[in-house]
Amino acid sequence: MPSPFAMKDDSEFPAPRAVYNWRIYALALSASMGSAMFGYDSAFIGGAITLPSFVSRFGLGNSSSELSAALSANIVSTFQAGCFFGAIFISYLVERFGRKFPLLACGLIYNVGAIVQVASAGSIGMIYAGRALTGLGVGASTLVVPQYISECSPPAIRGRLIGIFEITLSFSQIVGFWVNYGVNQNMSGSSDTQWRIPFGLQLAPGSFLVAFMLLQPESPRWLIKAGKVDAAVKSLCKIRNLSPDDGYIMWEVSTVKEQLNHESELGVNRSFGGKFKEMLQKGNRERLFLGMALMLLQNLSGINALNYYSPTIFKSIGFTGTSVGLLATGVFGIVKALATLVYMCFGIDKLGRRKSLLIGSTGALIAMFYLAGYSKVSGSFTHTVRQDGGAYVAIIMIYVFSIFYAMSWNGIPWIFCAEVYPTGIRSVCLVFTTCTQWLGQFMIVYSTPYMIKNITYGTFIFFGASLVVGIVVVFLFVPETRGFSLEDMDILFNVKGLAATQRKKADEIIASQRAAENLVDVKDAEYV
């Protein structure tokens, strides 16, 4: 009976059916508790700071609209600042101690930050401090989780497995969106318990990350890089459900060794300076800049404006009231999560990265431009509008945006960055791409309240125009990476030409290499 986890494998060395087992999915899900921290935090905070109890306890209701916008931006964006520095600080631990231990540290730091926030009693300073600590944990985990999953994944399902990172993020966002609606509907607005519950639930994903990662092995690619080949083989055998003498295990170990030896021959040592030098070599620097561009464009699509300020966004198109805004936000979270689940399970490794980005961007920009046109014509930013057909279509367009975003920018930048860099410099490259992600989030999250207040419908035009730029960048520069082993990415990105032809040329090179190797094997067999 075929494995329910298996799929067609067109990679250089097709994996045995036993490789597609439950263990690799459990590993991806365990590590993705780090993205659950990210998802819950990004979803709950925008609604939590609008709860009557929070507004009353921290004095937001007594502030002018300008000061209130500034406080909201500071509360939300302090988290992004922590994430930015978390991605930098964790890079040393990832290189020195592997992937598993740093992920455990991420969960513990995140929990400390959550406790500080819950313990605050009207002290906005403690909220800022707690947000910074949770940001450190989340930012660090977003560097490690995709890298860890990528290094443990067989090529044919790597996109699906890294996609679990986004699936977990999206479903944890549902919890964040709906917990605010629940406490707003069922708890007194004068009770501190109302705001402490959503803040306190941050402890759940952090605790799950620590508990689940204790059961998982270290990254075999890091172990080989660290010279611990026997431990790497043991780790691979556990993940792959194969014996140490299986040809697939030996192939994986040998390809990683070959790439590391090649990097060593180029004169690259293990110092940061050596890694930085290799990172800027031709073929690598293009990948680095492309990964950073994708991370920035992901944020410029407008998704984080919706994630963090969705009640405000819904108000801007005419739907007023705390409960109404939180309800519409909760539905947005469900639509986005379900779309992410379906596409990451059944689409990402079939349609591929490039087509997904192009199709998803086209659908998302149509939705953004409709929102801009509707809010301009109706004047919904300046006065309460009648909830007519145009208003309801605007709501639908937000959900349409979430569907097309889910199949494109939601997870593919993370997948792309986790799979395209050489083993020896992967961690260093991911520092730059992950920091770009958090810098982009900081810019959007901090500026969105001011954009909504000052340029109104132009906010949607800005995001739509950014998606147009994204289409151009993807069409010209992003090759298809589906099905390539991590070690073969060097061939793909050293092929000259535009992205549309790079994959075909790389496939031809790999096919010729494979044919030559088979010919050598045949001659050796005849000689024997």
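## Basis of the description

Burial is stated here by relative accessible area, where buried means under 20%, exposed means over 50% and partly exposed lies in between, computed with a 1.4 Å probe on protein chains only. The model is predicted, so that local features need a pLDDT of at least 70 and side-chain atom pairs count only at pLDDT 80 or more, while totals for chains, interfaces and linings use all residues. Residues are numbered from 1 along each chain as its sequence is written, and side-chain values use heavy atoms, with hydrogens and water left out.

## Backbone with positive phi

N241, which is not a glycine, has a positive phi of about 60 degrees, and is found in the loop between α11 and α12, where helices are DSSP runs of H or I with at least four residues and strands are runs of E with at least two, numbered from the N terminus. With a relative accessible area of 40%, N241 is partly exposed.

T456 is likewise not a glycine and has a positive phi of about 45 degrees; T456 lies in the loop between α21 (426-454) and α22 (458-477). At 18% relative accessibility, T456 counts as buried.

## Salt bridges

Over the whole structure, a search finds 14 salt bridges, each being a side-chain nitrogen of Lys or Arg within 4 Å of a carboxyl oxygen of Asp or Glu. One of them joins the side chains of E95 and K225 at 2.8 Å, N to O. This pair links distant parts of the chain, with E95 in helix α4 (residues 65-97) and K225 in helix α10 (residues 220-225), 130 residues apart. E95 is partly exposed at a relative accessible area of 23%, whereas K225 is buried at 8%.

A salt bridge at 2.8 Å, N to O, also brings together the side chains of E252 and R240, and this pair connects helix α12 (residues 247-265), which holds E252, with helix α11 (residues 229-240), which holds R240, across 12 residues. E252 counts as buried at 3% relative accessibility, and R240 counts as buried at 0%. Within helix α24 (residues 499-527), D507 and R503 are four residues apart and therefore separated by about one helical turn; their side chains meet in a salt bridge at 3.1 Å, N to O. D507 is partly exposed at 34% relative accessibility, while R503 is buried at 19%. Salt bridges that share partners join R57, D192 and R196 into one network.

## Helix α1 and its packing

In helix α1 (residues 22-31), the residues I24, Y25, L27, A28, S30 and A31 are buried. The buried residues of α1 pack against α2 (33-48), α5 (100-119), α6 (124-152), α7 (158-186), α9 (203-213) and α11, where a contact means heavy atoms within 4.5 Å. At the start of α1, a side-chain oxygen of N21 comes to within 2.7 Å of the backbone nitrogen of R23.

## Surroundings of Q502

Q502 is found in helix α24 and is buried, with a relative accessible area of 7%. Leaving aside residues up to four places away in sequence, Q502 touches F477, P479, L492, F493, V495 and G497, and the side chain of Q502 reaches the backbone oxygen of V495 at 3.2 Å. Q502 and E480, which are 22 residues apart in sequence, lie 8.1 Å apart in space, C-alpha to C-alpha.

Methods
Polar contact = N/O pair within 3.5 Å; in protein donor to acceptor, adjacent residues only side chain to side chain.
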